[in-house]
Amino acid sequence: MTTAPVSTGVGTARTRRIAAVVDRVAAALDGDPGPTGPAVSLEGGAGVALLLAELARRDPARLPAAHGRLAAAAEALKGTASFGGQHGPAAVLTAVQAAAKVGGHYPGLRRTLTAHVAAEQLGRLAATEGTGPGVTWADYDVITGAAGVGRVLLGAVTDGDAEERAAAEPALRATLTRLVGISRPVRVDGRQAPGWWVPAHRQVTEADRTRFPRGALDLGTAHGIAGPLALLARSAELGVTVAGQSAALRRIGDWLAERADRDAYGPYWEPRLPLDDEWARARGGRTPPAPPRTAGAGAAWCYGTVGIANSLLRAAGVTGEQDWARLALAGAHGVSARPGSLDALRGPTVCHGEAGFLQTLWRLGRQSADPALLARCDALADRLAGAWDERSRYGYRHLSGPRGAAGPQYGRPPVEDNPGIFEGAAGVAAALLSTLPHPAGTDGEAHEPVWDRVLLLS
């Protein structure tokens with residue numbers, strides 16, 4: 001379907017160039033009758049629908065294209081289950097919620113999906129109750145687990161009608177209560193450890209089971225404790241709280257603040273801490289800090305400093321802990337100033353790549369009204385728009401291995417033509433769209449991005 005181009009309301013050559021790239025991605029995705037990836041996944045049809053819904057909030061003529069993808073996703077849902085917030089009913093509900101903001105559409109589908117996702121979440125929480133000590137990623141994280149689905153449920157509570165709210169709120173409160181519980185310490189081999197400790201036998205890969213024989217603590221946003229911190233904080237901002245939530249915010253926030261390492265450019269965080277390192281730090285000892293690896297501990301949304309900084313800054317706004325806010329912004333500025341901070345990012349996409357760094361830094365700049373961070377975002381957007389790849393099916397390719405690592409498989413990393421939000425072209429276009437001015441004469445709040453809820457950035 002052909003629609004009008006993105007309207008920025010600002011006629012600068014720069015904004016026209018970025019808007020044109022967004023249009024090209026949208027046209028490539030919308031013109032592909034069967035993009036790679038399942039219809040019910042944010043890496044497939046649901047992700048394309050989410051981008052088209054975001055575009056429709058600026059130009060309602062885009063809504064029929066979003067509707068087509070949503071209809072296909074709804075048709076394909078039969079027999080599927082949610083995998084965190086990125087696959088299945090929860091993923092489709094995320095896209096439906098975004099599209100519903102353009103004229104209040106899909107009340108029946110929203111109610112059906114909300115009731116289904118809420119029941120799924122309650123069932124999973126019940127199934128994992130009391131299985132500790134120690135957790136798996138699915139117990140709490142953004143990508144595969146409770147925090148990601150919790151953000152979808154929060155959207156149903158805050159944006160939905162009375163029926164949606166009634167269905168979603170018990171599951172959301174149960175999710176927040178579980179995250180509060182995970183924030184409390186547990187006993188491991190007679191010693192105290194944070195409750196989000198993932199023991200060796202619950203690590204996802206054999207390599208991680210070998211690397212972390214006593215288990216580890218994940219710090220990042222995608223699979224670490226920064227994701228639940230963001231959900232607890234955003235829920236509190238929107239007036240949804242449970243017993244112990246304030247204390248949980250402070251436990252997690254204090255722990256992240258105390259686990260920051262520093263170099264000449266500022267604070268940064270390692271993606272994971274082995275349990276023995278955690279115990280050494282808790283005793284006041286210092287394991288030698290690893291250098292701030294340019295992807296993991298630096299710029300990537302998934303495990304990088306900017307993602308953790310976003311969660312800390314949001315939590316600071318709820319708790320009044322201004323030291324956290326200063327630490328978060330110092331970390332963001334450090335990533336921006338640290339030489340080579342972008343070099344090991346996995347290409348242009350969101351999860352491990354440049355678009356995720358851009359969107360996270362943009363949110364930090366907006367939350368803090370920091371002109372230097374926002375200026376850095378302008379430069380990043382220019383760079384990302386200039387990386388359009390004519391060889392790619394959708395204009396941007398996901399690199400499935402780090403650039404510059406040893407070995408021939410990484411010297412020229414494999415690439416994938418992925419349409420999705422986390423690892424595909426839709427996420428790149430959505431991040432670029434966020435940085436464009438609102439259309440002239442429109443309410444800026446009405447065009448505030450909603451797609452990055454899936455990243456726990458809003």
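Predicted model: local features only at pLDDT ≥ 70, side-chain atom pairs only at ≥ 80, totals over all residues.

## An aspartate in a loop

Asp141 sits in the loop between α5 (107-128) and α6 (146-159).

Which side chain of opposite charge is nearest to Asp141? That is Arg272, and it is 10.0 Å away. Asp141 is buried, yet it has no salt bridge. Not counting residues up to four places away in sequence, Asp141 touches Ala146, Ala147, Gly148, Ala222 and His223.

How many disulfides does the structure hold? The number is zero. Cys302, for example, is in no disulfide, and the nearest cysteine sulfur, that of Cys351, is 4.4 Å away.

Cys302 is buried, with a relative accessible area of 5%. Cys351 is buried too, with a relative accessible area of 8%.

## The nonpolar core

The largest nonpolar core has 139 residues. Those with the most contacts inside this core are Leu256, Trp301, Phe357, Leu361, Tyr396 and Leu432. Helix α2 (residues 45-56) gives the core its largest share, nine residues.

Leaving aside neighbours within four places in sequence, Leu361 is in contact with Val306, Ala332, Ser336, Leu373, Arg376, Cys377 and Leu380.

## A threonine in a helix

Thr94 belongs to helix α4 (residues 89-100). Is Thr94 buried or exposed? Its relative accessibility is 10%, so Thr94 counts as buried. Beyond its neighbours within four places in sequence, Thr94 is in contact with Leu50, Gly85, Val152 and Val454.

## Two positive phi angles

Tyr106 is not a glycine, although it has a positive phi of about 65°. You can find Tyr106 in the loop between α4 and α5. With a relative accessibility of 14%, Tyr106 counts as buried.

Ala369 is another residue other than glycine with a positive phi, near 55°. Its place is the loop between α15 (354-368) and α16 (371-385). Here the relative accessibility is 60%, so Ala369 counts as exposed.

Methods: Residues numbered from 1 in each chain as written. Heavy atoms only, no water. Disulfide = S-S within 2.5 Å. Buried < 20%, exposed > 50% of the residue type's maximum accessible area, 1.4 Å probe, protein only. Helix = DSSP H or I, 4+ residues; strand = E, 2+ residues; numbered from the N terminus. Lys, Arg positive; Asp, Glu negative; His and termini not counted. Salt bridge = Lys/Arg side-chain N within 4 Å of Asp/Glu carboxyl O. Contact = heavy atoms within 4.5 Å. Core = buried A, V, L, I, M, F, W, Y, C linked by side-chain atoms within 4.5 Å.
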